[in-house]
Amino acid sequence: MENISSDVKERLLDEIDNIGIRNMYGNRMVYYDYQERQWGFLDQDLNIVIPPRYNRVQDFNDGLAAVLDNSGNWGYIEPEGNTVIAHNFSKQPTPFRDGYAKVEKRNGLFAYINKTGEIVYDDMHDAGVFIGGYAYFTKKPDENSTLKTHRIDTDLNVVLADNVNNRAREVTNYTSDGTRYTRDAIVDLDGNVLLAGCSTVFTNGLAVMDYTAFVDNQAIPMKGLMRRNGEVAVLFVEKEF
């Protein structure tokens, strides 16, 4: 993501009347034309590359953006504005991640599609987006079964993962070694906690942590920085901030 500075926004507003703009993703910036009441896209030089012709749009992600046209259906466009996946989706799909997007069918079930719009996995009762090469979904093995949780990778290999706990499905990021970040811990692919207390990803070997100190048998919540092995590197005390 590239942030657009306030002076650039002011210059843009001077050059193009009656618009609103977002931050830039993938060298494209969404803007709204209040006169046309439609959405379009600018490039990094603030040229209009996709005129305002959509009722709703998503930011570009993984090379494509989902857009809602006057037909009332969603499709996907590439950065020059050409439609690459037809407007066949009555419900808003997800942005592409790791080469796949999640779409909802009229019967309420979900499917994953690839960048040509082909359905690559179908009839899921609930499904998450791909993060770091994996996604989780629930599906009935057969009509008489109960819902089972599965894990799928970007090669479309599917394994039963019904023992996976909720932490695995609440993942926010991956590390290069395949471990996963939730909101407050590092977990493995099954959601087992490997290191608790992390609220952000590691940067230069350190991550923000929540810490509870016990003084005179009283719990005092604190924050600090921790190393990858769980050791406390820096502990912030209240009077410092």
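Here are some questions and answers about charged residues in this predicted model.

Q: What makes the contact between Glu-80 and Arg-28 a salt bridge?
A: Their side chains meet with N and O 3.0 Å apart. A salt bridge needs a Lys or Arg side-chain nitrogen within 4 Å of an Asp or Glu carboxyl oxygen, so this pair qualifies. The two residues sit in distant parts of the chain, 52 residues apart: Glu-80 in the loop between β7 and β8, Arg-28 in strand β2.

Q: Why is Arg-28 called buried?
A: Its relative accessible area is 9%.

Q: Why is Asp-33 said to have no salt bridge?
A: The nearest side chain of opposite charge, Arg-37, is 8.7 Å away. A salt bridge has to be within 4 Å, so Arg-37 does not qualify as a partner. Asp-33, a buried residue of strand β2, does reach the backbone nitrogen of Glu-36 with its side chain, at 2.9 Å.

Q: What makes Lys-105 and Asp-123 a salt-bridged pair?
A: Their closest N and O atoms are 3.1 Å apart, and the limit is 4 Å, so they pass. Together with Asp-122, they are linked in a network of salt bridges.

Conventions: Residues are numbered from 1 along each chain as its sequence is written. This is a predicted model: local features need pLDDT of at least 70, side-chain atom pairs count only at pLDDT 80 or more; totals for chains, interfaces and linings use all residues. Side-chain values use heavy atoms; hydrogens and water are left out. Helices (H or I, at least four residues) and strands (E, at least two) are DSSP runs, numbered from the N terminus. Buried means under 20% relative accessible area, exposed over 50%, partly exposed in between (1.4 Å probe, protein chains only). Lys and Arg count as positive and Asp and Glu as negative; His and the chain ends are not counted. A polar contact is a pair of N or O atoms within 3.5 Å; within protein, one must be able to donate a hydrogen and the other to accept it, and residues adjacent in sequence count only if both atoms are side-chain atoms.
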